[in-house]
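These are my notebook entries on one protein chain. I went through the fold, the sheets, the cores and a few backbone details in turn.

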Amino acid sequence: MQFDPLDNIAEFFESKINVNKMIDTRENPVSPPDLEIINQAAAALTPAEQIKASKTLKLNIMKQIHESSDIPNVKRGRTITMTGPGWKKIASIAALLLVMLAIVPIFGPRLFNPNAKAMSLLNTSIEAILNIKSMVVSYQVRSVPGDNLDLIDIKGDFIDYKLYKEFTPTEKWRIEKPGLAVALDGKNQFKFMDKTGIGYVGSPQAGFVDWMRILLDPGKILQEEKTSAARHKDHYTVESKNNETILTVKSKALGNFKNTYLLNASIPESNNRRVYHFDKQTNRLLSLEIFITENQEEVLVLKINTIKYDEAIAPETFKITLPEGTKWVELKDLEPKKENASTAKNAGEAAQLWWESISKNNWSVAYKLDPSLEQSSNLESFKKEYGGLQVISIGKSFKSGIFVGEFVPYEVKLKSGKILKFNLALRNDNTEKIWQVDGGY
């Protein structure tokens, strides 16, 4: 008899759980000890009401399996065939576990803790996830126009963000805010920031978006949050209210905050509370609010205004049009090379060299420390404003938050008389371990 675990899942959804029906009719039944354990678990989980699966659930799950069926199951160099007795036993147990996860939501807190409820919500979202074709999200963030997407300015005003996502036939998306846009056209990821005057091109995995990537796939939000909770010991609560299921996640700030410079500068680098609202019927995300704790008070820093599913999106949305005089630059072309490296041995030396080279209009050295500067359409205006500046002081380097590099305080005086006092960001996590400027000027 050919074994199809999904047939069994469908049977369980369409009637009360009957473990023996699934296992005893197989050519290689589960051993008595295993059968006893499974029967006990099933008895504890048997619902008082009938569980009815959607007609499309099995087809949707089968579609996902067939799309990935070309990938062999390999462990420690040995291929595991999917036709032998061992696989039948594993599949039987796996099918039962899938059903158990699917029926979790009908039970009360007497059997499951809040984290388990969050996991069950993930499993009941399967069909909603598979059926989403596109979405358009309008939301607001306390941030700075023209700076990184994930930057939070807790004392700033709300600015408008827009997210577009096309799930099929090819994944495409775009996130934008005033002065900045990031997009995936199905092949490459693009980023343009007005103030840098550069269009960056990277692979689909380019890190142009950090935490906010979670919004690009609402069907995976719970999985992402579950993984984060396991790693960082976040706290979950799940509750039902009217027609909504509400998931709340409380997290502690991640990173090194001996220096509090980056504290509350992003969602991960803050003590925050994230409140997700899901439609109880479709399990689709309805809204999100994020609060950051500042001086023992919560401040709302992100709020979703609307989410429109299966909205028609114009193809040109996923293309970024550059201003005249601006060009696309491949990230790989900005990778430092030994033969073109500066003499800096640490972050402090790199910062000193950076400002001294600019003060002397020694641009060839500045380009070694920040290769993107030479590619900028704003280069001439930068030279005019910064060239010949006076270095007042260079401080001691420090680390803060989850930034992989270091920060070096500086104070300089421009020819215009304007004083700049900030922190230069530097990093050396490239293959050559060369210190380079990463922002902060």
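**Entry 1**

I note here that the model is a predicted one.

I then followed strand 4 to its next partner. Strand 4 and strand 5 are also antiparallel, with five bridges between them. Within this pair I looked up Tyr-164, which stands opposite Arg-174 in strand 5. A hairpin of five residues joins strand 4 to strand 5.

In that connection I checked the peptide bonds. The bond from Thr-168 to Pro-169 is cis, with omega near -5°. Pro-169 is placed in the loop between strand 4 (158-166) and strand 5 (172-177).

Strand 11 (residues 272-279) runs antiparallel to strand 12 (residues 285-294), and seven bridges link them. Phe-278 has Leu-285 in strand 12 as its bridge partner.

I kept in mind that, in soluble globular proteins, nonpolar side chains tend to be buried together. The largest nonpolar core here has 49 residues, and Tyr-139, Ile-175 and Tyr-276 have the most contacts inside it. Strand 13 (residues 297-309) gives the most to this core, namely five residues. There is a second, separate core of 26 residues, which includes Val-365, Leu-373, Tyr-386 and Leu-424.

I looked up the surroundings of Tyr-276, leaving aside neighbours within four places in sequence. Its contacts include Trp-211, Ile-214, Ile-221, Leu-247, Val-249 and Leu-288. Glu-225, Thr-245 and Ser-287 are also among them.

**Entry 1: helix 12**

Which residues of helix 12 (residues 379-386) are buried? They are Leu-379, Phe-382 and Tyr-386. Seen down the axis of helix 12, these buried residues fall within an arc of 60°, so they line one face of the helix. I recalled the general rule that an α-helix has 3.6 residues a turn, so residues three or four places apart point the same way.

On the other side of helix 12, Glu-380 and Lys-384 are exposed. I then recorded what the buried residues pack against: helix 9, helix 10, helix 11 (371-375) and strand 17. Just after helix 12, Gly-388 takes a positive phi of about 80°.

An open sheet of four strands has the order 15-16-17-18, with antiparallel pairing. Strand 15 (390-394) and strand 18 each have a single partner strand, so one side of each is left without a neighbour in the sheet. Neighbouring strands of this sheet are turned by 40° against each other on average, direction ignored.

I checked the pairing of strand 17 with strand 18: the two run antiparallel and are joined by three bridges. Ala-425 stands opposite Gly-439 in strand 18.

**Entry 2: positive phi outside glycine**

I looked up two residues that have a positive phi although they are not glycines. Lys-433 has a phi of about 60° and lies in the loop between strand 17 (419-427) and strand 18 (436-439). Is Lys-433 buried or exposed? Lys-433 has a relative accessible area of 56% and counts as exposed, because the threshold for that class is over 50%.

Asn-361 has a phi of about 55°. Asn-361 is found in the loop between helix 9 (347-359) and helix 10 (363-369). At 41% relative accessibility, Asn-361 counts as partly exposed.

**Entry 3: totals**

The protein has twelve helices and 18 strands. Of its 441 residues, 44% are buried. Among contacts between residues at least 6 apart in sequence, 56% join residues at least 24 apart. The protein exposes about 24,000 Å², and carbon and sulfur atoms supply 50% of that area.

Conventions
Residues numbered from 1 in each chain as written. Predicted model: local features only at pLDDT ≥ 70, side-chain atom pairs only at ≥ 80, totals over all residues. Heavy atoms only, no water. Buried < 20%, exposed > 50% of the residue type's maximum accessible area, 1.4 Å probe, protein only. Pairing = 2+ DSSP bridges. Core = buried A, V, L, I, M, F, W, Y, C linked by side-chain atoms within 4.5 Å. Contact = heavy atoms within 4.5 Å. Arc of directions from axis to C-beta. Areas by Shrake-Rupley, 256 points an atom, 1.4 Å probe, with all protein chains shown as cover. Axes fitted to C-alpha atoms, helices over the stretch in contact; angles between N-to-C directions.
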